[in-house]
Amino acid sequence: FAAEPIAYQSLWQGTGPESMKHHIQEWLAGLPDLKMNTIATMAQDNQVWSRWEMTGTHNGVLYGIPPTGQPIKALGVTLFEIEDNKIRSLKTLFDGLGLMQQLEVLPDAATLIANHLNRA
């Protein structure tokens, strides 16, 4: 697997509504047909967990990665903490490694394992 070096931008690190708007704009720039589908939701006290699936086509620059035209699908979970009927914080975990493999920035899992075993 050989790839040209890419100048990556840092992922979202901001806070507040304006930062979230910027984050969403970055994703829509890279995946103009982005769709987010909720798979399951669970709430307890002031916490809401949402399991979701993201799909789209990489037709724009996404965090410095040039368009590949590749369709993507990634699963994730977001934990929202609610206070006074507003989102006070959120934390998201998603399959970023799988996304990078789908964008062909990183080799697939079988190639990674084979390369590791060949070094032994």
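Let us begin with His23, which counts as buried because its relative accessibility is 17%, where buried means under 20% relative accessible area, exposed means over 50%, and partly exposed lies in between, with a 1.4 Å probe and protein chains only. His23 sits in helix H1, residues 16-30; helices here are DSSP runs of H or I with at least four residues, strands are E runs with at least two, and both are numbered from the N terminus. The side chain of His23 makes a polar contact with the side chain of Tyr63, at 3.0 Å. A polar contact is a pair of N or O atoms within 3.5 Å; within protein, one must be able to donate a hydrogen and the other to accept it, and residues adjacent in sequence count only if both atoms are side-chain atoms.

A word on the source. This is a predicted model, in which local features need pLDDT of at least 70 and side-chain atom pairs count only at pLDDT 80 or more, while totals for chains, interfaces and linings use all residues. Residues are numbered from 1 along each chain as its sequence is written, and side-chain values use heavy atoms, leaving out hydrogens and water.

Tyr63 also belongs to the largest nonpolar core, which has twelve residues in all, including Trp27, Trp52, Ile72 and Leu99. Such a core is a set of buried Ala, Val, Leu, Ile, Met, Phe, Trp, Tyr and Cys residues joined through side-chain atoms within 4.5 Å. Strand E2 (47-57) and strand E3 (71-83) each supply at least two residues of this core. In soluble globular proteins, nonpolar side chains tend to be buried together.

Let us turn to the loops. Which residue lies in the loop between E3 and strand E4 (86-94)? That residue is Asp84, and Asp84 is exposed because its relative accessible area is 62%. Its phi is near 55°, a positive value in a residue other than glycine. Glu104, in the loop between H2 and H3, likewise has a positive phi, near 60°. Most residues other than glycine have a negative phi. Glu104 is partly exposed, with a relative accessible area of 48%.

Asp108 is placed in the loop between helix H2 (96-102) and helix H3 (109-119). With a relative accessible area of 43%, Asp108 is partly exposed. The C-alpha atoms of Asp108 and Leu97 are separated by 9.2 Å, and the two residues are eleven apart along the chain. Leu97 itself is found in helix H2 and is partly exposed, at 46% relative accessibility.
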